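Good morning, and thank you for coming.

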Amino acid sequence: MSRILILITFFASLLLTNESKAQKGSTPIEKTYYCTDFHKKMCKFEKKDLEFKYNSQSRSALFRPGQVSVFSFTSFKGYDYRLTFCGEENLTKGAPIAFKVTDAKTNTVLFDSETAENSPKEFEFICNNSLNLKVEMTLPEDESSEKASYGCVGFLLQSRRNLQTGFK
Amino acid sequence: MQNEILKFDMNLMLKRVFPIFVAVVFHSIVLTSCGGDSGKEKDLADTSIVNDTNISPEAFFQVPLPGDLFLQLKEFGVKAKGNLLNPIENINKYTDQKLKAINFGTYSSDLFYCSTFDQKADVLKYFNNMKKLADELGISSVINDETLKRIEKNLSNKDSLNKITNEVFFDASSNLERNGQGATLALVVAGGLSESIYLSIQSVGAFKDNNPSIQYIADQKYPLENLFQYLEKNAGDEKVAQTKNSIKPLKEAFDEIKEDVSERQTVAGKNVIGGSTKLSITKEDYEKISAIALSVRNELTLNNSISK
């Protein structure tokens, strides 16, 4: 009888350990791992423009609804840039991710997706002179869910040499 | 009757299930205390959540990869020069965590230089050095045997080599970041950027007016500003604080470059941003930056060279 009890104890403890691991799998802890490449896989730009290439200043991270994040990147003279934002559906619930681009030195607002037409999820510009840009990103609030939810958000930065168009 | 059943169940619980419960708890305690690594892993993972989500808004500072700088210079017609890279054998000097992290960045930059300027002979040696340092920094998974096989197979293809180097640097950064090793990552980025600025200046050579390569080097003031803020963010770590002090003279030299009024470009239907001033680098600025870049690089890599 005592041997049976020991066996039951052993298997019960194994079950408990596995169950706790399974629960951990659905927590944000593991999500930080798959967020790494999120912008590469999910932030697709719909327009098939030529020559825009992936820029190494792109990034992804784990966020919660309503979170605000600020980051700075360098844009160089002679390049065109395109910023695209994307987030997991469970996080954004289809609502747009708001973002504001400012000159990091003067804090002049250069673009605000909330005041732009149709709340775009991307912004394209020509860089006149090199500078650091600050991007403030705000995720939509989720008041419908009581449970804290987390999800990946990607910031994809693409760049290309200025295209020379027209007769010179 | 119901009470009877309850009483019976309680007896059963006390006699049979309780020992199981005690054993399970004991087993869990043993598992937790013996599995030191898994406990550590959870702590680190939790830390990364705190970094990502708790403080709002948290600032991040992005710095372009060293490869971007070399690719641009190559487009401007700059050619590689020999004997500039951090010597392979210097790896034996990197005995503490600070030097290992900084020089993981330095060797990454050297590797980008090799792959961009087609210096195949050195590629494998620099990858091997990076692998050794990655192992010692606890991020061995970013360069495995499979990566080395891919490199050997693509030695004649510089685009593929650049892609692999990009992947390794990206994986190393992500790995350090998600494990809550922001301070180590800051050191890696510092090593990478200071080496790439040094290599760029040495490859471009003497100052010339209106040279796009020299203007592009002047514009490295901006990534350097972001790096400096990133170091400041992690300056609670003593190794980062020391490295910030080492790089400070270089930042100050870049800060001395004056800004000139620049004509604002207009393109119909396009957003044009970038202010109305541009950096105007003089011969004196450039020579000062060049000398400081060399001394900072020598300090970070423990190199003894006086000049190139």
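I shall describe two helix pairs in turn. Please bear in mind that this is a predicted model.

Let us begin with helix α8 of chain B, which covers residues 182–204, and helix α12 of chain B, which covers residues 283–301. At what angle do these two helices pack? The angle is about 135°, and their axes lie 9 Å apart. Angles over 145 degrees count as roughly antiparallel, and α8(B) and α12(B) are therefore oblique to each other. Their crossing is left-handed. On the side of α8(B), the contact is formed by B:G191, B:S194, B:E195, B:I197, B:Y198 and B:I201. Facing them, α12(B) contributes B:I289, B:S290, B:A293, B:L294, B:V296, B:R297 and B:L300. Sorted by class, this contact of α8(B) with α12(B) comprises 8 nonpolar, 3 polar and 2 charged residues.

I now turn to the second pair. Helix α6 of chain B spans residues 145–153, and helix α7 of chain B spans residues 158–178. Their axes come within 10 Å and cross at roughly 160°. This makes α6(B) roughly antiparallel to α7(B), because the cut-off for that term is an angle over 145 degrees. The crossing of α6(B) and α7(B) is left-handed. Which residues of α6(B) meet α7(B)? They are B:T147, B:R150 and B:I151, and their partners in α7(B) are B:L161, B:I164 and B:V168. In the contact of α6(B) with α7(B), 4 residues are nonpolar, 1 is polar and 1 is charged.

To review, α8(B) and α12(B) are oblique, whereas α6(B) and α7(B) are roughly antiparallel. Thank you for your attention.

How values were computed
Residues numbered from 1 in each chain as written. Chains lettered and ligands numbered in written order. Predicted model: local features only at pLDDT ≥ 70, side-chain atom pairs only at ≥ 80, totals over all residues. Axes fitted to C-alpha atoms, helices over the stretch in contact; angles between N-to-C directions. Helix = DSSP H or I, 4+ residues; strand = E, 2+ residues; numbered from the N terminus. Parallel < 35°, antiparallel > 145°, perpendicular 65-115°, else oblique. Left-handed = near helix turned anticlockwise from the far one by under 90°. Contact = placed C-beta atoms within 7 Å. Nonpolar A, V, L, I, M, F, W, Y, C, P; charged D, E, K, R; others polar.
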